[in-house]
Amino acid sequence: MSVESTASTDTMEAGVPAAKLGVWWFIASEIMVFGGVLASFILLRLTGPGWAGDIEHNSVLLGSINTLVLLTSSFSIVEVLAANKAGDLEKFKKYMGITIALGLLFMVIKGVEYSIHIHEGLLPDKSLFWAFYFGMTGLHGLHVLAGIVANISLLVVVSKPGGLARYGHRSEMCGLYWHFVDVVWIFLFPLLYLG
Amino acid sequence: MAAAENHGPKNIVIWAYLVILALVSVFVSLIIPSPADTVVIFALAIAKAALVLMYFMHLRVENIFIHSLFFVPLALVVVMFFGFMPDINHWLY
Amino acid sequence: MSGTAASMHDAHHEAPTSFVRKYVFSTDHKMIAKQYIFIALFWAFVGGLLAYMFRWQLAWPETPVWGFGWISEDADFMPTGRIGPEVYNALITMHGTIMVFFVAMPLLLASMGNFLIPLMVGARDMAFPRLNMLSVWVLATASLILLASFFVEGGAAAAGWTGYPPLSAKVDYTGVIWGIDLWLLALALEFASFLMGGINFLVTPFNMRTRGMSLFRMPLMIWMIVIASVLFLLSVGPLIAGAVFLLLDRNLGTSFFLPEGGGDPLLWQHLFWFFGHPEVYVIFLPALGVMLEVISTFSRKTIYGYRPIIYAVLTAGVLSFVVWAHHQFISGLDPRLATPFSITTILISVPFAFVVFSLLATLWKSSIRLDTPMWFAIGGLSIFVFGGVTGIFNGSATVDIFIHDTLFVVAHFHSTLFSAVFLGGFCAIYYWYPKMFGRVMDEFWGKVHFAGTYLGFLAVFVPMHLVGVGGMVRRVADHTKYDLFIPLQPWNEWMTVAAIVLFLFQFVFAVNFIRSLYWGREAGENPWGGTTLEWTTPSPPPHGNWPGAIPEVHNAPYEYGVPGIDGEWVSQDQPAP
Ligand SMILES: [Cu+2]
């Protein structure tokens with residue numbers, strides 16, 4: 001790397017905006033957390049006496065609906081990014097609103113499922129499957145909640161005058177995180193509902 | 001990044017693929033008895049995750065720093081899984 | 001300051017004026033570094049005090065610890081100052097946790113990383129100053145929680161610093177009620193703090209280097225901090241997952257780690273040590289970076305093999321992810337895993353041996369100056385090499401089965417960690433204190449402190465290897481209960497006396513540290529003749545780090561005696577003749 005060829009900026013950059021590098025750093029740590037959780041689940045699942053009887057209690061219908069909800073919210077947050085590129089505030093607000101609404105819908109359906117399980121006496125201490133079920137969906141649910149909070153706060157600051165120009169680029173950071181949460185669910189769904 | 005928007009398939013098309021794959025995996029789980037369906041379902045899950053990562057998260061067009069922050073943890077999860085396996089999986093012996 | 005503000009990267013970051021913004025909720029990386037140092041030194045004192053207490057118990061079991069006799073007879077905790085087995089367990093658990101997570105990491109990684117990264121790569125501040133402030137306050141919260149855990153019902157965590165279940169998974173097994181939950185919470189916050197800090201440690205050297213500072217012109221200290229942060233990032237996740245499981249086991253009656261419910265205690269051991277081994281390097285690499293900087297400066301010679309050192313450490317970083325099971329050779333590990341993990345463990349000493357030989361080659365035929373930092377660097381390195389060699393015994397499964405869970409293992413990891421954390425940490429403090437506070441610490445008392453620490457360490461831990469090979473097991477509160485160990489008891493008494501002497505010598509440091517703040521010799525810009533960028537600005541550096549423009553870099557670090565250039569050494573920002 002030759003020094004003289006450097007452009008006349010103050011700093012030397014690695015070619016990635018700092019905020020994006022930061023979000024990916026965060027995602028890398030999350031991959032290791034969920035990797036540990038999923039590896040533990042799969043290994044104990046393969047060892048154990050078989051949890052098919054427990055999995056029967058999970059509603060494939062509600063799980064599938066929630067999968068579609070999160071997949072669609074992933075699509076809508078990509079549209080937010082496109083809206084930011086186009087400088088289209090109305091589209092930005094519309095799709096961010098849809099994303100937030102879908103996130104909340106996911107949490108509501110999850111809550112309905114939880115109340116059904118608790119009603120049937122299927123609590124975390126019932127068996128190792130239910131321990132994992134509540135542990136994994138609970139951890140994932142907290143991430144969804146954090147994503148909703150991030151999306152709402154972005155929507156609020158962008159709605160201020162001049163907010164889109166100033167904060168619009170954060171839609172990419174929120175989007176990356178939101179997609180990651182979706183990817184985690186893509187693996188949780190078959191493990192907890194279909195397996 | 002800009003390349004992803006202009007030359008890649010439209011976002012709605014990716015979304016359609018994702019929905020189709022999700023429905024197929026539910027369908028497979030209903031018609032093929034467990035555990036024979038496991039391989040198919042997980043192949044479909046990996047395909048879905050790959051679509052989200054490549055197109056929605058733009059991993060297709062990122063540089064080596066971002067790639068390392070994704071693929072190195074992924075590789076370590078695999079190392080971890082197979083390193084734990086002989087101990088946690090007592091059916092192996 | 002107006003000239004500074006105009007050329008600053010973020011023009012809206014004016015120097016704060018109010019007391020709270022300047023000293024408490026500061027976003028200035030130099031103040032944050034000082035906050036980390038004070039947190040670490042506070043915990044080092046607590047950790048040392050705990051060590052004093054349980055060493056007392058080991059030497060003179062069931063007698064009142066000197067200084068604690070005032071505790072009343074019907075107190076819950078240590079009545080009449082006597083330590084029973086339960087309190088002993090809590091003391092060793094908290095000693096380990098505090099020293100690893102609340103001393104080593106804040107002192108070496110967080111404090112030195114925060115202080116040095118912007119100054120060494122030529123930046124005005126960290127990439128995300130507010131995130132930086134958040135990480136120090138999250139650590140402070142974790143500290144408070146850990147401190148509170150001493151005073152809750154049932155006492156502090158007492159399941160060992162590794163927290164192995166089933167012991168840690170049920171209240172009945174240890175008698176600890178809230179202690180282990182608070183311990184897990186404090187650890188979780190500590191991890192969050194260092195993950196947030198790590199973003200800065202990666203992004204700042206990547207994106208905010210000054211003109212001319214290519215990646216391979218960065219001082220080795222920066223490389224070590226970046227690699228250490230990445231190792232932490234990549235290893236801590238599984239333990240976070242395990243901590244969540246353990247919390248559920250303790251509070252919701254699940255059985256992730258309890259065999260009777262279908263769980264597996266070995267799973268925790270794997271999750272813990274998958275993190276635990278890379279963690280050793282998270283602690284050691286910044287210390288190695290300090291030693292590299294100091295040895296180069298005080299031998300007035302360029303580091304031998306700058307790039308090969310980086311590649312060697314990267315190799316060791318990769319290998320550190322495939323050695324973890326060497327901690328589990330006797331815990332029911334699949335025997336087929338023993339050989340592969342022995343081989344990788346012995347392999348990992350190769351890159352570090354390479355780095356040590358590079359340092360020896362740096363010292364070879366150089367003009368060594370024996371100031372206090374240099375004593376600590378060479379002393380620390382020598383003990384680390386010692387610990388590395390005993391590590392080869394532990395890494396070989398056949399030998400480890402004999403010596404595991406004896407004091408030999410304790411002596412081994414104190415050789416590696418004490419040398420890194422304390423000798424390396426003191427080395428860093430003596431070396432960069434002038435830059436932090438504008439004054440130099442007293443040389444004479446610095447050398448006295450070194451002599452006491454170095455010889456005190458050897459007096460404690462060399463005999464500990466011997467009694468360990470003699471079979472004396474660790475995690476036993478009273479060795480005199482076993483006939484086998486009674487002949488070794490005089491050694492226990494000796495080690496305790498030596499440990500007390502070692503502890504007392506740290507007050508020399510404390511007094512010197514405080515005294516030099518006010519009465520130390522004025523440092524000037526560059527008291528040691530260092531070549532890296534932090535020595536090109538006034539001590540202490542102003543807000544924004546350089547009063548004028550950020551210097552431009554023209555040279556590799558560690559250039560000494562370059563033909564055609566006046567003077568003995570060449571600063572990184574000195575233009576070519
Ligand atoms: Cu190890």
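Two residues are in contact when heavy atoms of theirs lie within 4.5 Å. This criterion is applied throughout the tour below, which concerns a predicted model.

**Stop 1: chains C and A**

Select chain C and chain A together. By the contact criterion, 43 residues of chain C touch 34 residues of chain A. The two chains bury about 3,100 Å² between them, and carbon and sulfur atoms give 72% of that area. Now display the side chains of C:Asn207, C:Arg211 and C:Leu233; these residues of chain C lose the most area to chain A, together 20% of what that side buries.

What polar features join these two chains? The rule finds 1 residue pair in polar contact across the interface of chain C and chain A, both residues being at pLDDT 80 or more. The count of salt bridges between chain C and chain A is 0.

Next, colour the elements of chain C that face chain A. Four of them each supply at least two residues to the side that touches chain A: α7 (179-207), β1 (209-210), α8 (220-252) and α9 (265-299) of chain C. Among these, α8(C) gives the most to that side, with 12 residues.

**Stop 2: chain A on its own**

The chain holds 7 helices and 1 strand, and along the sequence the order is β-α-α-α-α-α-α-α. Its C-alpha trace spans about 65 × 45 × 20 Å along the principal axes. Of the 195 residues in chain A, 59% are buried. Among the contacts in chain A with a separation of 6 or more, 78% are between residues 24 or more positions apart.

**Stop 3: chains A and B**

Bring chain B into view beside chain A. Here 45 residues of chain A are in contact with 44 residues of chain B. The area buried between chain A and chain B is about 3,800 Å², with 81% given by carbon and sulfur atoms. Select A:Trp24, A:Leu43 and A:Phe75, which supply 17% of the area that chain A buries against chain B, more than any other three residues.

Which side chains form the salt bridge at this interface? Those of B:Glu62 and A:Lys20 meet, with an N to O distance of 2.9 Å. The rule finds 1 salt bridge across the interface of chain A and chain B. It also finds 3 residue pairs in polar contact there, with both residues of each pair at pLDDT 80 or more.

To view the chain A side by element, colour α1 (18-47), α3 (60-86) and α7 (170-194) of chain A; these are the elements that give two or more residues to the side touching chain B. The most is given by α1(A), with 16 residues.

**Stop 4: the two domains of chain B**

Domain 1 covers residues 9-61, and domain 2 covers residues 63-93. The C-alpha centres of domain 1 and domain 2 of chain B lie 21 Å apart.

**Stop 5: the copper ion in chain C**

Return to chain C and centre on the copper ion. Which residues coordinate the copper ion? The donors are ND1 of C:His277, NE2 of C:His326 and NE2 of C:His327, at 1.8 to 2.0 Å. Along the chain, the donors of the copper ion follow the spacing H-x48-H-H.

Is C:His326 buried or exposed? C:His326 counts as buried because its relative accessible area is 9%, below the cut-off of 20%.

**Stop 6: backbone features of chain C**

Select C:Thr80, in the loop between α3 (29-59) and α4 (85-121) of chain C. Although C:Thr80 is not a glycine, its phi is positive, at about 50°.

Move to C:Pro166, which lies in the loop between α5 (129-148) and α6 (171-174) of chain C. The peptide bond from C:Pro165 to C:Pro166 is cis, with omega near 5°.

Then select C:Pro540, in the loop between β3 (521-522) and β4 (559-560) of chain C. The peptide bond from C:Ser539 to C:Pro540 is also cis, with omega near -15°.

The loop between β3 and β4 of chain C also contains C:Tyr558. C:Tyr558 is a residue other than glycine with a positive phi, near 60°. Is C:Tyr558 buried or exposed? C:Tyr558 counts as buried because its relative accessibility is 2%, under the 20% limit.

How values were computed: Residues are numbered from 1 along each chain as its sequence is written. Chains are lettered from A and ligands numbered from 1 in the order in which they are written. This is a predicted model: local features need pLDDT of at least 70, side-chain atom pairs count only at pLDDT 80 or more; totals for chains, interfaces and linings use all residues. Side-chain values use heavy atoms; hydrogens and water are left out. Donors are N, O and S atoms within 2.8 Å of the metal (3.2 Å for Na, K and Ca); water is not among the atoms, so sites may look incomplete. Buried means under 20% relative accessible area, exposed over 50%, partly exposed in between (1.4 Å probe, protein chains only). Domain bounds come from an automatic or database domain assignment. Buried area is the accessible area (1.4 Å probe) that two parts lose on being put together, summed over both. A salt bridge is a side-chain nitrogen of Lys or Arg within 4 Å of a carboxyl oxygen of Asp or Glu. A polar contact is a pair of N or O atoms within 3.5 Å; within protein, one must be able to donate a hydrogen and the other to accept it, and residues adjacent in sequence count only if both atoms are side-chain atoms. Helices (H or I, at least four residues) and strands (E, at least two) are DSSP runs, numbered from the N terminus.
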